[in-house]
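Please keep the sequence and the coordinates at hand while reading.

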Amino acid sequence: MQVLLIEDDASLAEGLKRSLKREGFIVNHLKQGKQGVSAVATSPPDIVVLDLGLPDMDGQDVLKAIRKLDAALPVLILTARASLEDKVAGLDNGADDYLAKPFETDELLARLRVFERRLSSFKHAGLTIGDVTMDSKALTVTVSGAEIELSRREFMLLKTLMENAGRVQTRDSLESKLYSWGEEIASNAIEVHIHHLRKKLPDQFIKTVRGVGYTIKPA
């Protein structure tokens, strides 16, 4: 699950990135509102965590701009503005949740897990292609009824391919789903993950489109 964190407090952002990554989230961080709107437009995340006190534009305006781009993208406001008026304005402008600073990281993580469960229910909670079944809620994959063990990134990679069955996924697009911006990635990282997946899945389940990427044939 990919989280876009729009927060100008560097120390807070670094702490959140570490905590979210430990929970298995892919986290990308931006300090300015305009950058955040641009990122949503060009490479939409799964969840946005948005501070209101940004240096270049008010977070409420960022929220409105995001909503024009994507009416359904989950947005959690994270801010020192704790008045009732601010909360009402944020929710009226399209926020899905509102958490005032200071806050406990565990509470933020719990709220993000609610978003994650909601998204899993909405986006193919149960996927079956051939003998392979994926349960996004339980984070399990079975082959012919037998559960197989996958790493977090292997699960995310297979999930992306199964959700987009019939469409070729490039290596760059798969990397963006599995790694944060700026994270050091081995040149053959995707190939290694694919290799490990193929050992656990039926023959020819994941197909290579030479020079382009990978795909799974739809059921």
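This is a predicted model: local features need pLDDT of at least 70, side-chain atom pairs count only at pLDDT 80 or more; totals for chains, interfaces and linings use all residues.

Four strands make up an open sheet in the order 6-7-8-9, and their pairing is antiparallel. Because strand 6 (126–129) and strand 9 (146–148) stand at the edges with a single partner strand each, one side of each is left without a neighbour in the sheet. On average, neighbouring strands of this sheet are turned by 25 degrees against each other, with direction ignored. Within the sheet, strand 7 (residues 132–135) and strand 8 (residues 140–143) run antiparallel and are joined by four bridges, and Thr-133 stands opposite Thr-142 in strand 8. Helix 6 (residues 152–163) packs on this sheet, where it touches strand 6, strand 7 and strand 8, and the direction of helix 6 makes about 110 degrees with that of strand 7.

Beyond strand 8, the loop between strand 8 and strand 9 holds Ser-144. Although Ser-144 is not a glycine, its phi is positive, at about 55 degrees. With a relative accessibility of 58%, Ser-144 counts as exposed, since the threshold for that class is over 50%.

## Salt bridges

Side chains of opposite charge can pair when their charged atoms come close.

| Salt bridge | Closest N and O atoms |
|---|---|
| Arg-111 with Glu-107 | 2.6 Å |
| Lys-200 with Glu-154 | 2.8 Å |
| Glu-175 with Arg-171 | 4.0 Å |

How many residues apart are Arg-111 and Glu-107 in helix 5? Both lie in helix 5 (residues 105–122), four residues apart, which is about one turn of the helix. An α-helix has 3.6 residues a turn, so residues three or four places apart point the same way. Arg-111 is partly exposed at 22% relative accessibility, and Glu-107 is also partly exposed, at 34%.

Lys-200 lies in helix 8 (residues 189–200) and Glu-154 in helix 6, so the pair ties together parts that are 46 residues apart in sequence. Lys-200 is partly exposed, with a relative accessible area of 31%, whereas Glu-154 is buried, with a relative accessible area of 6%.

Glu-175 and Arg-171 both belong to helix 7 (residues 171–178), where they are four residues apart, about one turn of the helix. Glu-175 is buried, with a relative accessible area of 15%, while Arg-171 is partly exposed, with a relative accessible area of 32%. Elsewhere, salt bridges that share partners join Glu-7, Asp-51 and Lys-101 into one network.

## The buried face of helix 3

Which residues of helix 3 (residues 59–69) are buried? They are Gly-59, Gln-60, Val-62, Leu-63, Ile-66 and Arg-67. Seen down the axis of helix 3, these buried residues fall within an arc of 155 degrees, so they line one face of the helix. What covers them includes strand 1 (2–6), helix 2 (33–42), strand 3 (47–50), strand 4 (75–79) and helix 4 (84–92). At the start of helix 3, a side-chain oxygen of Asp-58 reaches to within 2.8 Å of the backbone nitrogen of Gln-60, and Gln-60 is itself among the buried residues of this helix.

## Further backbone details

The peptide bond from Lys-101 to Pro-102 is cis, with omega near -5 degrees. Pro-102 lies in the loop between strand 5 (97–100) and helix 5, and Lys-101 is one of the residues in the salt-bridge network with Glu-7 and Asp-51.

Gln-204 has a positive phi of about 65 degrees although it is not a glycine. This residue, Gln-204, is found in the loop between helix 8 and strand 11 (207–209). Is Gln-204 buried or exposed? Gln-204 is exposed, with a relative accessible area of 58%.

Conventions. Residues are numbered from 1 along each chain as its sequence is written. Side-chain values use heavy atoms; hydrogens and water are left out. Two strands pair if DSSP finds at least two bridges between them. Helices (H or I, at least four residues) and strands (E, at least two) are DSSP runs, numbered from the N terminus. Axes are lines fitted to C-alpha atoms, for helices over the stretch in contact, and angles run from 0 to 180 degrees between N-to-C directions. Contact means heavy atoms within 4.5 Å. A salt bridge is a side-chain nitrogen of Lys or Arg within 4 Å of a carboxyl oxygen of Asp or Glu. Buried means under 20% relative accessible area, exposed over 50%, partly exposed in between (1.4 Å probe, protein chains only). The arc is that of the directions from the helix axis to the C-beta atoms. A polar contact is a pair of N or O atoms within 3.5 Å; within protein, one must be able to donate a hydrogen and the other to accept it, and residues adjacent in sequence count only if both atoms are side-chain atoms.
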